[in-house]
Amino acid sequence: MDHLTSETFDQNARDALRDPQLRGALRNLANTIGDRRKFAITTVDDWEALREQARAIKDQVLSHLDEYVEAFAVNAERAGATVHWAHDAAGACEIVIRLLRERSATQVVKSKSMATEEIHLNAALEAEGLSPIETDLGEWIIQLARETPSHIVVPAIHKSKKQIAELFVEKLGIELSDDVAVLTRAARRVLRQRFVEAQVGISGVNFGVAETGTILILENEGNVRLTTSLPRTHIALMGIEKVIPRLVDLDVFLKLLPRSGTGQRLTAYQSLITGVKRSATDEGPEEVHIILMDNGRSRMLAHPVTRQSLACIRCGACLNACPVYQQVGGHAYGSVYPGPIGAVITPQLIGIGKAAQLPFASSLCGACREVCPVKIDIPELLLHLRAEVVEGTGSGTADQKGPVKRKLMERIAFEAKVDGAYRLPSLRVRVVQSSSV
Amino acid sequence: MRVSLFVTCLVDQLWPEVGTSAVEVLRRTGCEVVFDERQTCCGQPAFNTGYRSDARVLARRFIEIFEDAGADAIVSPSGSCTAMVHHFHQLFEDDEHWRKRAEAIAQRTHEFSSFLVNVLGVDDVGASFRGRVTWHDACHGLRDLNLHSEPRRLIKGVRGVEFVELPNADACCGFGGTFSVKYPEISVAILDNKIAEIEKAGVRAVTSGDASCLMQIRGRLTRQKSGVRAMHLAELLASRED
């Protein structure tokens, strides 16, 4: 299918609003995950204190990111992993392709990873004749349908059960069924075989622990565990902002992330991976490669306002809470990361000129800030980026409607300065004449 | 107490009854209300659309004018515009002189319901209104100023009112200032959820603390020929139906 771009957000949104199936699916999302989250956060003693703690840890890391990333790399290598450094998306893709080529890998499985989406890894691999198989059920559905994720946690949220059943009939040759268990079993049968055949497994990373070089990946389906343990080689792609200082910090983030993301107290699986297997009888891969990727992150780090974008733990809570996302869904944003955090990150990743509409795609209601487990002030970031679009303080090209509105705003400011002409005379009369008590 | 009324553009130009009602209620509680006719927009439309240099001009003007009033408090029938005044300091990050003045003004600037409840300690202003009434939490009042119990206490203090909590009262109405102009279709789609809840609540009036949200809500209610009246809290508190 043709993928939408951020430049046509307005048109994309109008089209999405005319799609009743999509809007039904989105209502479902807000009601189920949104409500589950509300309950889940009451199952810890002091949610607010946890958020404060998490943000303080992230701020500590971001103020010395170079040191923490370096420490992580040293300790990961000490545990037997190989660390690679990627400046940008192309660089990261090249490293993956080289690693696959060197191992003559033909069968590759992948677990869900927004970082790999960010660099369009699948497209890059397909261009090289390699066809990685997505093993997260939602991601696999999207891959079969040749679509892109519409949500960072539940990628196929825009599709109905019926659409998925029809897709499976077409692609897997199964009988049409509306039984979720039947559909899931069909997927499992195909995917299990892929795991057995795979020479390389590619994953993302939720957290990288600096003091031990450990990576942690959360999931519910067991596919991450298989992706990272069954093939001989495991490649993990990790944004440099994923580093946290200590293993004990996971105590905070493991309470926050599942509750915020899916309304769970804990995900079904937590895979903690520290280097390679120690002896021949151990389970796990012989080789672990961790690609540390910048891809615009150090640029975000440079400014105190944009820096907080890097605190994001990709839970998706802001998407579920956002009234705009709830109406138009993820594809309308035309970006890998949709919703409020997407509107913040995308312009910083791909250049504000290509995503100038996104910071404006918000009513600034603040629901995103309220649910964010790491207290990112998303409205503040949106306002910062709006100023960048309008006043050209960044690398961006100005908003198309800029000049007209600019004039209007100047006029308001000017007239106010001269003598307060921006005001109807009516009110003073009304107020002065009003009620005598 | 001497109160300087910051009336806001929308009330001034489109819904003046909110301003006169606010004055009436404030006087009823014993305040002396002054109104500086030189006051203009606080700059929020400019600030929120990225025009920071223009917003700065308006912020300075606001600060100068309201400093002149010599009032004990500046009160506004808008959580959104009050929040903007509280954000003024962000416009003067590199200008200590103006930042200090901005912070001092913000400290004295109160949203209407917060002023009544938290400053004056009043939750009964002697109003009366017959029927079921609900409340929409305008986003900036709720999330920037943390107003939640204040308006509810005031509504419950009105004789004859049966207060009904609106499901998802804290969900945005879709207005969002220039957002509703830039993306009208999304704005209306968001609004329709709000309207559906209001209609289901079976109320005589839906109230809120911001004329902006109320215009958005009222516009839709009117076009749907709804019997529900959209009222600013100040109008409800100025009502005397007995």
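Reply: A residue is called buried if 20 or more other C-beta atoms, placed from the backbone, lie within 10 Å of its own, exposed if 12 or fewer do, and partly exposed in between. By that count, buried residues form 57% of the 242 residues in chain B and 51% of the 437 residues in chain A. The model is predicted: local features need pLDDT of at least 70 and side-chain atom pairs pLDDT 80 or more, while totals for chains, interfaces and linings use all residues. Residues are numbered from 1 along each chain as its sequence is written, with chains lettered from A and ligands numbered from 1 in the order in which they are written.

Me: Why is chain B called as compact as a globular protein of its length?

Reply: The globule rule is 2.2 Å times the number of residues to the power 0.38, and the radius of gyration is taken over C-alpha atoms. For 242 residues the rule gives 18 Å, and chain B has 17 Å, which is close to it; therefore chain B is as compact as a globular protein of that length.

Me: What makes β8 and β9 of chain A edge strands?

Reply: Strands (E, at least two residues) are DSSP runs numbered from the N terminus, and two of them pair if DSSP finds at least two bridges between them. In chain A, β8 (243-244) and β9 (269-273) each pair on one side only. They belong to an open, mixed sheet ordered β8-β5-β6-β9.

Me: How do you know that β6 and β9 of chain A pair?

Reply: Five bridges join β6 (residues 214-219) to β9 in chain A, and the two run antiparallel. Within this pairing, A:Ile215 has A:Ile273 as its bridge partner.

Note on methods:
Helices (H or I, at least four residues) and strands (E, at least two) are DSSP runs, numbered from the N terminus.
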